[in-house]
Amino acid sequence: MKKGYRQLVDEAMAQVKTYSVEEARARLDDPNVQFVDVRDVRELEREGVIPGAFPAPRGMIEFWVDPDSPYFKPVFGEKKEFIFFCAAGWRSALTTKTVQDMGMENVAHIEGGFGAWKAAGAPVAEKTKKA
């Protein structure tokens, strides 16, 4: 293998803005900020969610953020800062790097992800399961 996941994550971390849980939490109620959860739906149901976060599975992100894609989600066309997060901060670092490479500005991710968020006692809501 020429490049493993660790090298990809390290390279992404060196090129994206990273917020501590405290810095991210301070932006939670800012109407100009949108938290984006890239975890799998099963993780959301099992672990909970950050209130107000938009769920955007990592596997769909390139399609959902591109206005030329038939899968584009209008939330990504808003003039906001987007703060991505996953469980531990690895997938969100890669996601943030990807959308940054695609031309999105004002993007960041949370160091330590949802795990660090939850451990710090930051607000968590329950994700209801679909019937």
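Helices (H or I, at least four residues) and strands (E, at least two) are DSSP runs, numbered from the N terminus. The structure is a predicted model, in which local features need pLDDT of at least 70 and side-chain atom pairs count only at pLDDT 80 or more, while totals for chains, interfaces and linings use all residues. Residues are numbered from 1 along each chain as its sequence is written, and side-chain values use heavy atoms, with hydrogens and water left out.

N106 is found in the loop between α5 (90-101) and β5. N106 is not a glycine, yet has a positive phi of about 60 degrees. The residue N106 is partly exposed, at a relative accessible area of 46%. Here buried means under 20% relative accessible area, exposed over 50%, and partly exposed in between (1.4 Å probe, protein chains only).

N106 also belongs to the lining of the largest pocket, together with F76, G77, E78, K79, K80, F82, G103, M104 and E105. The space in this largest pocket is about 180 Å³. On a 1 Å grid over the protein atoms alone, a pocket is an open set of points where a 1.4 Å probe fits, with protein on both sides within 12 Å along at least five of seven lines; lining residues have an atom within 4 Å of a point. Grid points are joined across faces, edges and corners, and a volume is the space filled by probe spheres set on the points. The lining divides into 3 nonpolar, 3 polar and 4 charged residues. Ala, Val, Leu, Ile, Met, Phe, Trp, Tyr, Cys and Pro count as nonpolar; Asp, Glu, Lys and Arg count as charged; the others, Gly among them, count as polar.

The structure holds 7 aromatic pairs. One of them joins F76 and F82, tilted, at 5.5 Å centre to centre and 35 degrees between the planes. Both F76 and F82 are buried. A stacked pair is formed by F85 and F114, at 6.3 Å centre to centre and 25 degrees between the planes. F85 lies in strand β4 (residues 81-85) and F114 in helix α6 (residues 113-119), so this pair ties together parts that are 29 residues apart in sequence. F85 is buried, at 0% relative accessible area; F114 is buried too, at 3%. Rings of Phe, Tyr and Trp (its six-membered ring) pair if their centres lie within 6.5 Å; planes under 30 degrees apart count as stacked, over 60 as edge-to-face and the rest as tilted. Ring pairs also link F54, W64, F76 and F82 into a cluster.

H109 is placed in strand β5 (residues 107-110). H109 is buried, with a relative accessible area of 0%. Its side chain makes polar contacts with the side chains of T18 (3.1 Å) and S92 (2.9 Å). A polar contact is a pair of N or O atoms within 3.5 Å; within protein, one must be able to donate a hydrogen and the other to accept it, and residues adjacent in sequence count only if both atoms are side-chain atoms.

L94, in helix α5, is partly exposed at 22% relative accessible area. L94 and A12 are 82 residues apart in sequence and 5.8 Å apart in space, C-alpha to C-alpha.
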